[in-house]
Amino acid sequence: MKSKTILKGKVKTGKGHFSWVFENIEGLWDLYNKKSKLNLIPGSLNLELDHEFSIPSGSTRIEAHEYNGTVSASFYPCKVGHLNGIISRADNNEKGIGAHPRKIIEIAAEKKLRDELDLGDGDEVIVTNQDHEANVGAW
């Protein structure tokens with residue numbers, strides 16, 4: 001059984017960290033692309049939700065040792081409009097002790113979402129996903 005899940009949030013300017021990480025940490029971009037089966041571009045769309053969000057258990061992991069780094073993260077597939085992407089979150093953010101509170105999600109995609117969907121700060125965005133049975137209701 002699959003169920004469509006929905007998150008709603010407002011576009012918020014990010015810190016440019018996701019873009020910097022992809023462009024400067026050797027091997028990380030390739031690892032994300034391989035595991036997500038997408039051709040992600042550097043950068044992310046930040047959305048502020050009206051509630052906290054946690055990455056569902058069983059989501060895909062990037063472990064620090066896989067790229068000789070210091071930060072591990074989880075990501076979960078999603079769609080914004082017609083575009084495929086992932087919601088990615090570093091472990092410290094998931095624990096509530098990182099740079100982003102759990103009300104902020106970062107979405108990486110194959111296109112620059114702000115440009116493709118003509119989005120600006122404050123615009124409302126709907127994020128969907130076709131969950132596997134184990135994650136139904138996780139959002």
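Guide: Let's start with one term: contact means heavy atoms within 4.5 Å. Keep in mind, too, that this is a predicted model.

Visitor: Okay. What makes H1 and H2 meet, residue by residue?

Guide: On the H1 side you have Phe18, Val21 and Phe22, and they meet Leu28, Trp29 and Tyr32 of H2.

Visitor: Why is H1 called roughly perpendicular to H2?

Guide: Helix H1 (residues 17-24) packs against H2 at an angle of about 105 degrees, and their axes are 6 Å apart. Angles of 65 to 115 degrees count as roughly perpendicular, so H1 gets that label relative to H2.

Visitor: How do you know which polar contacts the Ser36 side chain has?

Guide: The distances tell you. The side chain of Ser36 reaches the backbone oxygen of Tyr32 at 2.8 Å, and a polar atom of that side chain lies 3.2 Å from the backbone nitrogen of Leu38. The cut-off is 3.5 Å, so both pairs come in within it. Setting aside neighbours within four places in sequence, Ser36 is also in contact with Phe75 and Ile86.

Visitor: What makes up the largest nonpolar core?

Guide: That core has 19 residues, and Leu47, Ile87, Ile105, Ile107 and Val127 have the most contacts inside it. Strands E1, E2, E4, E5, E6 and E7 each supply at least two of its residues. Another core, of 14 residues, lies apart from it and includes Val21, Phe22, Ile62 and Ala73.

Visitor: Which residues does Ile105 touch?

Guide: Leaving out neighbours within four places in sequence, the contacts of Ile105 include Leu7, Leu47, Phe53, Ile87 and Val127.

Visitor: And the whole protein: how many helices and strands are there?

Guide: Four helices and seven strands, in the order β-α-α-β-β-β-β-α-β-α-β along the sequence. Of the 139 residues, 41% are buried. Among contacts between residues at least 6 apart in sequence, 67% join residues at least 24 apart.

Technical notes. Residues numbered from 1 in each chain as written. Predicted model: local features only at pLDDT ≥ 70, side-chain atom pairs only at ≥ 80, totals over all residues. Heavy atoms only, no water. Core = buried A, V, L, I, M, F, W, Y, C linked by side-chain atoms within 4.5 Å. Buried < 20%, exposed > 50% of the residue type's maximum accessible area, 1.4 Å probe, protein only. Polar contact = N/O pair within 3.5 Å; in protein donor to acceptor, adjacent residues only side chain to side chain. Axes fitted to C-alpha atoms, helices over the stretch in contact; angles between N-to-C directions. Parallel < 35°, antiparallel > 145°, perpendicular 65-115°, else oblique.
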